[in-house]
Amino acid sequence: MSLISRISGTGHFVPPHTVTNFDLEKEMDTTDEWIRKRTGIKERHYVKPGTGSSDLGYQASLKAIQDAGINKNEIDFIIAATLSPDHYFPGIGVLVQSKLGLEHIGALDIRNQCSGFIYALSAADQFIKSGMYKKILIVAAEVQSTNLDYSIEGRHLAVLFGDGGAAVILEPASKQENRGILSTHLFSDGRHVQKLWMDSPSPKDKPTFSYQIIDDKRCYPKMEGKHVFVNAVEKMPQAVWAALECNNMTIDDVDHLIPHQANDRISLMVAKKLGIPVPKVIRNIDRFGNTTAASIPIALDESVRNGRIQKNDIVVLTAFGSGYTWASALMRW
Ligand code: ACO
């Protein structure tokens, strides 16, 4: 029997500590008005020291496992996506694996930043379709608040990000039912690495860690905001058009678009280019900020749990981020 894969459970977890734009005003040179007008963000969640992305991913995984109605021991593979692992190495896949107490199953880490969840979903989809695995945990989590440049130089970036985690369970579904992942499309263009990146720590530096690197601020994420904006609003629609063409659909067939929650102005511009009505676009950046790899699965989990996404709805995910990488996934829920 030929297989497709289907998301059978979702979950998300954000740290309880909420940081509003007004809180940021007290800590750095910014204003609620500037942040809301340029990004649509009102608040985000920050971890307390000692919490890593594996902890957020673990909590989200417990919820996804419960939602899928499976025993955690049925999970036979883990794919983790983050740009902010707890450690330089290893990645967080093995940490989530050990926190869940799942012995000896494989754990793969994906480094595709804002596109990480869709890249992970695409990889998991291939494993399910090939019959190699039957229940894959995909976990995406980020802790970014602890390494942002809150000075004037870095404030255009620092106000954007939030911490959070989300997870899904992917299982085989019968092709006859035609519910599940119908396509994924992945793209990259490494010419623009330096437009959105964190240069250090880099083993190209000897020593890799030095006070000079800190003084030069090479240890913070850097972004050329306008370059990112222009490319994000071009590439995300292209990825969605690829998905629609592949499935012989038009934008009118789509019930919900979940763009990576990079910046609300980007999401609205993507919607405009695609010609999809704004009410069909799922947007929650106002409450979470940009949680990078976790942003799409957080929005998906919220929308499934609050009943906005219903059985058989056509849902399109699209992301763009550091690399540059961009991607789409089209599914019938
Ligand atoms: N608070 C107050 N003022 C600020 C802030 C801030 N947080 N940040 C920048 N400013 C000021 C600058 O100092 C500058 O002031 P000046 O005109 O007196 O010199 C002015 O605002 C404009 O600064 P720019 O850095 O040029 O800001 P820009 O207009 O490009 O807006 C923004 C920045 C919102 C990030 C924009 O470039 C953008 O929307 N980019 C898209 C990128 C994005 O959203 N990325 C998300 C993360 S990456 C991803 O997920 C794909």
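Trainee: Which residues have the most contacts inside the largest nonpolar core?
Mentor: In soluble globular proteins, nonpolar side chains tend to be buried together. In this predicted model, the largest nonpolar core has 41 residues. L257, I266 and I276 have the most contacts inside it.

Trainee: Which helix gives the most to this core?
Mentor: Helix 8 does, with nine residues. Elements that each supply at least two residues include helix 9 (264-274) and strand 12 (314-321).

Trainee: Where does this core lie?
Mentor: Domain 1 (3-177) and domain 2 (182-332) both give residues to it, so it lies between them. A second, separate core has 33 residues, among them I7, F77, F117 and I309.

Trainee: What is I276 in contact with, leaving aside neighbours within four places in sequence?
Mentor: I251, V254, L257, A271 and V281.

Trainee: Now the backbone. Which residues does a cis peptide bond join?
Mentor: Most residues other than glycine have a negative phi, and most peptide bonds are trans. Here K206 and P207 are joined by a cis bond, with omega about 0 degrees. P207 sits in the loop between strand 9 (196-197) and helix 7 (211-215). The bond from G323 to Y324 is also cis, with omega near -15 degrees. Y324 is in the loop between strand 12 and strand 13.

Trainee: And phi? Is H104 buried or exposed?
Mentor: H104 is not a glycine, yet its phi is positive, about 65 degrees. H104 is exposed, at 75% relative accessible area. K217 also has a positive phi, about 60 degrees, but K217 counts as buried at 18% relative accessibility.

Terms used. Residues numbered from 1 in each chain as written. Predicted model: local features only at pLDDT ≥ 70, side-chain atom pairs only at ≥ 80, totals over all residues. Heavy atoms only, no water. Core = buried A, V, L, I, M, F, W, Y, C linked by side-chain atoms within 4.5 Å. Buried < 20%, exposed > 50% of the residue type's maximum accessible area, 1.4 Å probe, protein only. Helix = DSSP H or I, 4+ residues; strand = E, 2+ residues; numbered from the N terminus. Domains from an automatic or database assignment. Contact = heavy atoms within 4.5 Å.
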